[in-house]
Every structure is written in structure tokens, then in C-alpha cells.
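Welcome, and please open the model in your viewer. We will go from one selection to the next.

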Amino acid sequence: MEKSWTKSLLGFLAIAASFAVVAFLSGSLEAALLVIFPLLYVGIMYILDEEGSIQVSVDFPTKLNVGDEFEVNAHVSISRGAGIFLLELPYFDFFKLLDGSNVRVVFKGVRHRNYDLTYKMQALRRGSFEWKEIKYTYNPTMGILNTREGKIPCAVKVEVLPRIEILRKKGLRIRSTRLNPRNARSRIGPASTDFDSIRAYTPGDPYRTINWKATARNSSTGPILVNQYEREGLHSTVFAIDNSSPMRQGTKEENPLESGIKLVLSFTNLLLNYQYNVGVWVMQKNRGIRRDVIMPGSGMEQYLRIRRRVMLVETIKFVPQVYSISREFASVARETVPSIFLLTSVVEANVIPLKKVIKTLNTASSNIVIVDVLPFSIFARISPYDISALYTEGFSRKAKKKMYSELSGLAEVIPWDPGRTSYGKIISRLTMSLR
Amino acid sequence: MRSVVLLVFAFIFLLLPGLFMLTISGSTFSIALGAASVLCVLGSVYFASRPGRKNPLKFISFLFPIFAIILSKGYVVKYLHFTVGIAAADLGNLFDLLFIAQLGLIAMMSYETSNAIRKVATENGYDELELTAETGKLNNFSFGIGLLGLGGAFLIYLFITSVPTLQINPIFALLLFGLVYLGLSRFLARSRRRGSQA
């Protein structure tokens with residue numbers, strides 16, 4: 001980088017030049033002192049001034065859960081230059097600084113200096129975040145030489161996962177209140193070792209499943225009988241996540257969508273433990289993401305698949321409010337006849353589109369449950385002293401009753417306010433609607 | 001050193017030549033030049049306390065004593081037959097005070113740098129305590145270098161004046177010094193850079 005002489009330096013040298021003129025015109029040797037001093041000072045600064053050589057290494061966690069608090073340690077080593085360095089260390093949106101600061105000031109004199117800088121942060125929202133470079137501004141001593149800005153490459157990547165509620169099997173029993181026969185069986189998934197029933201042999205059945213004793217007991221002329229085993233992930237459940245704008249009520253970190261995603265992952269984890277097939281349908285496509293459906297499947301791999309997909313869900317703009325069923329999801333629904341839990345925030349504008357989509361889905365699903373994620377507790381947290389929020393809530397609740405009555409013939413509607421009803425309780429309630 | 005302390009130093013040091021000119025027995029013109037210098041220093045302190053503002057007054061304040069010296073002794077007085085009437089003994093003291101005032105100028109520039117950094121940093125959410133501590137170190141450093149320069153300049157001056165064997169014209173010596181100095185400083189800077197690249 002070229003050294004550029006600023007006005008301060010020129011002014012200072014002008015002083016030296018003026019005294020040189022004084023020395024000449026007045027013939028005073030004392031004036032030489034006034035020439036030497038500025039020249040010497042500028043010379044020392046000129047020698048000291050160098051392009052700042054700075055190295056920064058940052059110790060940043062790579063995986064976090066929402067709400068996690070962690071400490072960032074940065075080691076800064078400055079070997080050249082003299083002056084003040086302003087550093088901008090990694091910090092992302094949706095993170096909160098708890099202690100210290102990511103923007104730091106360090107002074108370096110003549111000696112090589114090492115600094116250990118720490119600050120504490122908290123992750124507030126799910127997502128993948130990347131910080132590519134650390135910016136710094138180097139202000140050389142005295143401002144005699146120009147301020148310089150630079151960037152140090154740094155690859156900090158962090159994935160913030162939604163914090164899910166681990167619900168113990170023991171404490172929560174999957175119990176359906178429905179008297180439907182368990183016919184919503186999936187045709188996919190491998191056979192487990194759990195005995196289900198005995199039936200007549202059909203071509204294609206593996207020989208090892210033939211129950212010789214039962215066949216012998218049956219009669220000599222009767223059909224060959226085979227054991228039928230339950231298939232893994234017998235029942236299919238699909239979570240439909242509405243990511244239209246009503247789900248964005250509240251803040252970027254706290255809104256019905258974020259609560260809904262946490263509910264989906266917590267419930268998915270529980271259902272997969274019970275060998276259910278679980279899938280996800282993101283109702284509105286986000287830019288750059290092609291797949292809107294995760295096929296129902298079982299096992300913890302499926303949990304990771306669902307988690308990866310929901311990490312990318314973002315709300316889209318409200319207008320136009322359209323729910324279109326993709327061809328992929330339509331074929332999944334036809335194939336697996338799933339229970340659908342539709343997570344949305346019911347507002348006046350989306351009742352009619354919701355009715356339309358539910359009508360279409362009803363032909364292909366065993367049952368549909370609408371989980372209406374209410375934002376009232378979020379509003380109360382954002383502005384705790386806003387009394388008008390109480391009236392708004394009262395008014396909204398009345399309006400909601402009317403909306404629910406419109407939807408009631410088509411699907412079961414369960415309102416849920418995440419701030420007032422725990423995840424365990426709502427999941428317990430939702431299990432009653434499982435098939 | 002806190003920035004305010006630095007400003008106080010700068011203010012006192014820069015004010016000395018002007019105040020001296022006001023107090024010595026000279027003509028009305030010398031008093032006017034002294035007053036102008038004092039006013040410039042007061043103005044420069046006002047500007048310095050407002051970060052981001054250009055402050056040429058700190059340099060201009062030196063012009064008035066320079067005029068006073070030129071119009072008190074030497075070729076101009078000889079050919080124009082005009083003097084502001086500062087005695088030769090007072091001129092010696094004025095030179096000494098101007099020497100100190102140059103240190104004040106360094107203090108003022110350092111204060112302005114600290115203030116400018118502080119303004120940028122405060123707007124961008126930097127920690128106030130850390131900022132105060134680090135700019136304090138910057139102030140100490142630049143003022144320390146100023147003192148080093150002051151001492152060094154004095155030693156060089158003593159050397160120039162106390163070596164009779166050289167028998168060279170002071171102006172020529174000064175010119176020679178300037179050339180050698182610039183050459184050396186460039187050589188040192190380059191060699192440092194090469195060393196750090198290796």
C-alpha cells in the first residue's frame with residue numbers, strides 16, 4: 001500500500017519549512033532547533049508507520065441450539081504498524097451479545113503484541129450462519145498518515161439447531177381417542193420382528209415367514225399360512241408447515257413459525273420413537289429450495305432429514321395468500337394416507353384458502369388437525385405494558401371462534417399459545433388425534 | 001494519559017509564545033501579533049474539541065511569532081528599515097517557547113486523532129472503557145515519541161552548535177542534515193519492510 005501524506009503531515013512539514021525561512025532571513029541559529037524537531041518527529045513516525053500486519057484466529061462453536069450461551073475467544077496478533085486497530089469480530093443476526101463486545105479497540109506500539117479477546121453471545125434463532133472475514137481499521141499514530149481498512153479471511157460457520165423438547169415415552173403415552181380401525185397403514189418401510197397376524201400365503205411372500213405348524217393344524221387341503229409382521233413406521237403422519245406471513249407475527253426470533261418448527265421437531269422425535277412414519281410438507285416454497293416435501297419415513301435418519309429441511313423454512317410474503325398442493329405432496333398423500341397436522345396461524349385472510357386446501361386433502365388423508373399457533377403470549381412479551389394488547393386478544397379470540405366454526409366441519413382445530421401451554425401438553429393433546 | 005489532559009498540555013504549550021509576546025516590551029504591532037497568536041490557539045482548541053472538523057488554526061498560530069521574528073532581526077529589518085521591536089534576548093526566549101509550542105502542536109494532533117477515533121468508535125458501538133484505555137495508550141505513545149523527538153532535536157542542535165571544527169554555514173548544515181536525514185529514513189523504512197516480508 002502506498003503511503004499517503006495527509007494534511008497534518010504537510011502542515012507539520014510547513015512549520016519546519018517556515019522556521020527554515022526564519023533561520024535564513026533572521027540568521028538565527030536557534031531557528032534550526034525548530035526545523036530539526038518537526039523533521040525528526042515526522043521521520044520517527046514515518047519509520048514507525050508501516051502497513052499493519054495483523055492475524056486473528058477465532059474459536060467459535062460450530063453447532064449450537066437455540067438459547068445456548070457460549071463464549072467466543074479470539075486471538076489477535078499484530079506484528080507491524082503502530083496505532084489503534086478497530087476490529088470487527090464475528091457476530092450474526094439472531095444472536096445476542098451477553099457480555100463484552102465483538103467490536104474491539106486495541107492499541108499497538110512499537111513492540112509485537114498479542115491480545116486475547118473474549119465475548120459472550122446467545123443464539124436466538126435457528127439457521128446456518130457464516131462469517132467470512134474480519135474487518136479492521138488501522139489508525140496510524142497521530143493521524144499523520146492515512147487510516148487504512150483491511151479484511152482478514154476467516155471461515156466461521158455455525159449451525160443453530162432448534163431446541164426440541166425430549167418427551168419421554170414413559171411419561172407420555174400415545175393414545176388415540178378415535179375408534180377407527182388401524183387401516184392407515186403405510187405400504188412402505190421394512191417388516192419388523194413384531195408379530196402381527198397369520199394370513200394365507202400369497203405369491204411373493206418370503207418362505208421364512210411360512211408358519212408350518214399353523215398350516216399343518218389348519219387342514220391338509222387348506223392354504224399355506226404365513227406370519228405377518230408389523231412394518232416399521234406403520235402409521236404415517238405428515239406435518240404441514242404453513243410458512244405464509246401470518247406465521248411471522250411477533251419478532252424475527254419469536255413467532256408462530258419458530259414455535260411451530262420446535263413443535264414439529266419435538267413431536268417428530270416422539271413419533272419416530274414409536275416407529276411412526278413421519279414426513280413434512282412446507283406449504284409455501286422458499287426461493288432456492290426445490291423440495292417442499294420430505295417423504296414419510298422412520299428412524300433417526302428421518303429425524304435428521306426433517307431437521308435439515310425445517311432449518312431452511314422462512315416465511316414468505318402474505319399477498320397473494322394461496323395454498324397450492326404440489327404434485328409431489330399429492331402423490332405422497334395418496335400413497336401413505338397420512339394423518340396431517342397443519343401448523344398455521346388462522347387469520348381472516350387465510351380461512352378461505354385453508355378451507356380449499358383442506359377440502360382437497362380430505363380425499364387423500366385419514367384425518368387433518370389444524371394447530372392454530374396463537375401469537376398472544378409473544379405480543380405480551382414484546383410489549384408487557386401495552387394494555388391494548390388485552391383488548392386485541394379478546395377481540396381476536398372472538399373472531400377466531402367464528403373462523404374455527406367455518407373450519408370445524410373439515411378439520412379439527414386446536415388452538416395453541418406456546419407461551420401458555422407447554423410443548424409436552426400440546427403434544428399430549430395432539431396424540432389424541434393421531435391415527 | 002487521558003485525552004483531556006493532552007488537550008490541556010497542548011493549550012498551555014501553544015499559548016506560551018503568544019502570551020510571551022503580549023508581555024514583553026515591544027511595539028503595538030508585536031502585541032497585535034501576540035494577541036492574534038493567542039486567539040488562534042483559543043480557536044484551535046474550540047475546533048479540536050469537535051471531531052471531524054478541520055483545524056488549520058493550530059498551524060496558523062505559529063505564523064504570528066514567525067512574522068514577529070522575521071520583522072525583528074535579519075535581512076527584512078535591514079532592507080525595509082522596519083522592526084516590531086522585540087529585543088534580541090527576548091527573541092532567544094521566544095525561540096525556546098516556540099520549541100515547546102511544537103510539542104504542544106504534537107499534543108494537539110494526538111488529541112485530534114484520539115477524538116476522531118473515539119467518534120467513529122462510539123458511533124459503531126465500541127466499549128467506552130476499552131476505548132478510553134486504548135486511546136490513553138495511544139496518547140502516551142505519541143506524546144512519548146514527541147518528547148523523544150524533542151530530546152533528539154536538542155541533542156542534534158547541541159551537536160551542530162558545539163562542533164567548531166566543521167566551520168560550515170548553519171543554513172548549509174541544515175540543508176545537509178535534511179538531505180542525510182531523508183535519505184536515512186527512507187533507507188531504514190525500506191530495510192524494515194524488506195526484513196518483515198522475508
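A salt bridge here is a side-chain nitrogen of Lys or Arg within 4 Å of a carboxyl oxygen of Asp or Glu. By that rule, the interface of chain B and chain A has one salt bridge. Select B:E130 and A:R104 to see their side chains meet in a salt bridge, at 2.8 Å from N to O.

A word on conventions: this is a predicted model, where local features need pLDDT of at least 70, side-chain atom pairs count only at pLDDT 80 or more, and totals for chains, interfaces and linings use all residues. Residues are numbered from 1 along each chain as its sequence is written.

Next, show both chains together. Contact (heavy atoms within 4.5 Å) joins 59 residues of chain B to 56 residues of chain A. The buried area, meaning the accessible area (1.4 Å probe) that two parts lose on being put together, summed over both, is about 5,300 Å² between these chains, and carbon and sulfur atoms give 77% of that.

Now select residues 256-273 of chain A, which form helix 4 (helices are DSSP runs of H or I, at least four residues, numbered from the N terminus).

Finally, go to A:R381 in helix 8 (residues 376-382) of chain A.

Technical notes. Chains are lettered from A and ligands numbered from 1 in the order in which they are written. Side-chain values use heavy atoms; hydrogens and water are left out. Helices (H or I, at least four residues) and strands (E, at least two) are DSSP runs, numbered from the N terminus. The expected span of a helix is 1.5 Å times one less than its number of residues.
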